Amino acid sequence: MGGCSPWAWPELLVLLVLLGSAWLWVGSAQPTPPGPTHVPQPQLRFRLAGYPRKHNEGRVEVFYNEEWGTICDDDFTLGNAHVLCRQLGFVAATGWAHSAKYGKGVGRIWLDNVNCAGNEKSIGDCKHRGWGNSDCSHEEDAGVVCKDERIPGFKDSNVIESEQSHVEEVRLRPVVAGGRRQLPVAEGIVEVRYKDSWAQICDQGWHSHNSRVVCGMMGFPAEKKVNRNFYKRLKRAARMKGHSPRLGSRLASKSQPKQKSREDVGLKKRLFTERQQLNYRLHSVSCTGTEVHLSMCSFEFYRGNSSAACGAGMPAVVSCVPGPLFANAHKKKQRQQQQQQGQPRIRLKGGARVGEGRVEVLRSNEWGTICDDRWDLQSASVVCRELGFGSAKEALTGARMGQGTGPIHLNEVQCRGTEKSLWNCPFRNITQEDCKHSEDAAVRCNIPYMGYENLIRLSGGRSRFEGRVEVAVGAGDGEQPRWGLVCGEGWGTLEAMVACRQLGLGFANHGLQETWYWDASNVTEMVMSGVKCAGHEMSLSHCQHHGASLSCRNTGTRFAAGVICSETASDLLLHAPLVQETAYIEDRPLHMLYCAAEENCLASSARLANWPYGHRRLLRFSSQIHNRGRADFRPKAGRHSWVWHECHRHYHSMDIFTHYDILTPNGTKVAEGHKASFCLEDTECEEDVAKRYECANFGEQGITVGCWDLYRHDIDCQWIDITDVKPGNYILQVVINPNFEVAESDFTNNAMKCNCKYDGHRIWVHSCHIGDALSEEANRRFEQYPGQLNNQIS
């Protein structure tokens with residue numbers, strides 16, 4: 001696509017920017033080259049719209065017959081995108097988008113079944129069904145991604161103009177001293193980024209729907225009423241030349257009428273003496289409350305000198321309600337009340353960061369997923385707010401957060417955005433042929449800014465995803481933080497997961513206890529030790545640790561903790577029905593168990609047996625372990641450190657890959673087994689997935705995404721030695737990767753449980769399920785199970 005001569009392109013019409021998407025259009029009436037005179041075509045104009053997007057991409061909108069409309073994505077091709085991008089002033093297209101990726105348009109759908117060769121000068125020259133003839137909805141609006149290179153001589157630029165007539169960044173600026181120190185900021189003046197500074201919004205006509213949208217952007221699920229009188233007094237005070245602290249204290253105390261002492265409040269919440277002049281940028285903002293960004297609301301800009309704007313009004317102020325995860329310490333009571341309301345019926349799984357993950361819903365006491373048909377930002381926002389986050393940043397499709405298991409409960413969820421719960425939205429029940437787990441829906445939610453990422457950093461690594469962990473301590477009011485190291489003693493995968501989450505770098509590949517090879521920083525002091533995390537914390541400071549009284553046996557920098565982070569991780573889980581189908585008892589002679597004894601696969605009492613005479617009673621079963629994550633599962637140790645076992649003649653890449661336990665209903669362990677990773681390989685894979693790992697000839701070990709490793713019931717150590725177990729009712733529990741040696745996106749689904757009844761001769765195994773697959777109520781019933789009265793399992 002070379003440059004064109006100046007006459008080959010039209011004169012520009014006007015540049016209009018609307019909402020936050022910098023909607024722009026250009027004239028596209030074709031010039032008349034020398035030769036026969038042509039009948040003039042109706043003048044077309046084009047613009048890019050939608051959110052979120054960059055200046056060279058967006059939903060395509062065309063102005064025809066005095067009305068703006070969209071183009072349907074049916075039969076859309078890259079050739080169409082080339083023609084449209086050139087009409088917008090770009091040299092070519094690099095891609096296109098379907099299914100209203102940039103949001104649904106409004107008005108007419110002007111074109112459908114468009115088919116361009118790619119060299120046409122106008123979209124009107126391409127084949128199509130005719131103007132206004134379409135069978136599409138706005139859920140099928142097409143978008144384009146143009147190459148970020150302008151056509152030489154093309155006067156109109158589809159870039160954000162110097163006036164920056166759009167809204168991208170929004171913030172809440174607190175106006176009381178306590179508000180600036182305390183995160184998250186849940187109340188303040190709404191400001192939008194304008195050039196290199198921030199500007200205010202006039203509050204004339206401002207209503208709660210606007211506040212709801214702003215709070216959603218800031219990561220809060222709801223808004224609350226603001227004490228406007230307090231801010232009116234503040235505005236009057238700001239006009240006075242002298243900003244006395246006493247006045248600030250008086251105003252702050254009036255904003256908090258329920259406090260006992262005005263003087264105390266004045267000391268705690270002294271107003272900042274803002275000397276900057278107000279700079280209004282927006283007015284007449286009107287949202288419906290369902291938008292995910294302020295740019296999607298209607299509003300108007302002040303033009304020129306805006307210092308005298310908003311005469312009768314004041315800056316828009318918003319107050320938000322934090323979700324349970326982000327509520328301040330003094331709101332513990334509120335969190336406890338929410339916890340007492342019972343188990344939530346919705347959750348996120350498989351996400352690296354807080355507020356993102358695969359959406360799972362609880363129905364009929366069983367957790368399941370949602371099919372991504374018609375999944376959009378409105379439905380995703382309802383999920384996010386229900387979970388205590390803000391509106392949705394992204395509505396993800398195609399199992400972008402990994403594939404779930406179990407049932408797919410819902411399909412074609414269509415929320416308006418005003419619902420309190422996803423269960424209030426219209427949806428369609430799933431049928432067998434409708435969806436697969438490869439279509440599981442997911443979300444990324446807006447969460448409040450907490451500043452945790454400023455208290456941690458990595459040093460010495462080869463990339464930003466790895467290095468020695470350094471944390472900031474003592475960052476009090478106005479104090480410079482002191483950076484120091486974390487003791488590597490006891491540091492493992494769970495701690496590394498929290499560190500990577502705090503850094504915003506995804507999951508942890510490895511947690512390292514020695515980092516002598518990353519000795520590139522002048523930070524040498526240990527400032528944190530005894531770190532023990534559960535794995536779900538947002539910051540290392542939320543984990544258990546020794547506090548000020550450090551205890552680290554090896555204080556040299558080589559023993560400082562380190563991490564290697566990754567955007568993706570594996571996710572292993574056991575196929576529970578196969579365990580139930582294959583479980584049986586075998587009395588195996590001791591003379592056939594020498595190798596198993598050598599690998600510690602028998603109960604401790606076997607040492608006292610009269611070898612080689614007698615037998616051991618074994619509960620045998622098959623286990624099929626699937627990788628449903630987004631990265632291959634690889635052993636922690638490389639091949640150079642695998643251990644050769646002469647007896648079974650194979651390598652162990654992980655000493656303990658699974659734990660097998662027999663538990664009483666109250667959780668007491670009565671028998672146990674374990675299995676080393678004799679050979680981690682791809683036994684079978686889904687249709688479109690190729691095997692990558694095979695153990696033969698000292699091959700690489702692992703489990704590919706979409707594959708599974710099968711340990712058959714008839715191989716050594718695939719059992720629990722129950723020789724010493726008395727007849728009774730028990731729970732069979734299998735835990736994969738029990739020591740968290742290898743990072744996974746979700747450890748809560750690594751355990752599988754079954755009910756079993758043993759009468760001394762036979763065993764009945766039933767109700768096998770993944771540990772987090774059932775509701776809390778169903779799990780309680782499972783654990784209180786009284787046992788089989790007969791061998792008829794219903």
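1. Let me start with a disulfide, meaning a pair of cysteine sulfur atoms within 2.5 Å: cysteine 500 is joined to cysteine 565, S to S 2.0 Å. The torsion about their S-S bond is about -85 degrees, so this disulfide is left-handed. The pair links distant parts of the chain, with cysteine 500 in helix 9 and cysteine 565 in strand 27, 65 residues apart. Helices (H or I, at least four residues) and strands (E, at least two) are DSSP runs, numbered from the N terminus. Cysteine 500 is buried at a relative accessible area of 0%, and cysteine 565 is buried at 6%. Buried here means under 20% relative accessible area, exposed means over 50%, and partly exposed lies in between (1.4 Å probe, protein chains only).

2. A word on the source: this is a predicted model, in which local features need pLDDT of at least 70 and side-chain atom pairs count only at pLDDT 80 or more, while totals for chains, interfaces and linings use all residues. Residues are numbered from 1 along each chain as its sequence is written, and side-chain values use heavy atoms, with hydrogens and water left out.

3. Helix 9 itself (residues 493-503) is mostly covered, with 11 of its 11 residues buried. Its buried residues pack against strand 22 (456-460), strand 25 (507-512) and strand 27 (562-566), where contact means heavy atoms within 4.5 Å. Glycine 504 follows helix 9 and has a positive phi, near 75 degrees.

4. Back to the cysteines: the disulfide count comes to 15. One of them is formed by cysteine 85 and cysteine 146, with sulfur atoms 2.0 Å apart. At -85 degrees about the S-S bond, that link is left-handed. It connects distant parts of the chain, from cysteine 85 in helix 1 (residues 78-87) to cysteine 146 in strand 7 (residues 143-146), 61 residues apart. Cysteine 85 is buried at 0% relative accessible area, and cysteine 146 counts as buried at 1%.

5. Cysteine 287 and cysteine 297 also form a disulfide, with their sulfur atoms 2.1 Å apart. Here the S-S torsion is about 105 degrees, so the disulfide is right-handed. Both cysteines of this pair sit in the loop between strand 12 and strand 13 (298-301), 10 residues apart, and both are buried.

6. Please also look at helix 3 (residues 208-217), where eight of the 10 residues are buried. Among the buried ones are Arg212, Val213, Val214 and Cys215. The buried residues of helix 3 pack against strand 8 (170-173), strand 9 (187-194), strand 11 (222-224), strand 12 (280-286), strand 14 (317-321) and helix 8 (377-386). Glycine 219, with a positive phi near 95 degrees, follows helix 3.

7. Is arginine 358 buried or exposed? Arginine 358 lies in strand 16 (residues 356-363) and counts as buried, at 4% relative accessibility. Its side chain makes a polar contact of 3.0 Å with the side chain of glutamate 360. A polar contact is a pair of N or O atoms within 3.5 Å; within protein, one must be able to donate a hydrogen and the other to accept it, and residues adjacent in sequence count only if both atoms are side-chain atoms. A polar atom of the arginine 358 side chain also lies 3.1 Å from the backbone oxygen of methionine 401.

8. Strand 16 pairs with strand 17 in the antiparallel sense over four bridges; two strands pair if DSSP finds at least two bridges between them. Glutamate 360 has threonine 369 as its bridge partner in strand 17. The two strands form a hairpin with two residues between them, and serine 364 in the turn has a positive phi of about 55 degrees. Four of the five residues of strand 17 (residues 366-370) are buried, so this strand is largely enclosed by the rest of the structure.

9. The largest nonpolar core has 34 residues, and Phe657, Leu732 and Met752 have the most contacts inside it. Such a core is a set of buried Ala, Val, Leu, Ile, Met, Phe, Trp, Tyr and Cys residues joined through side-chain atoms within 4.5 Å. Apart from this core lies another, of 29 residues, including Leu494 and Cys565.
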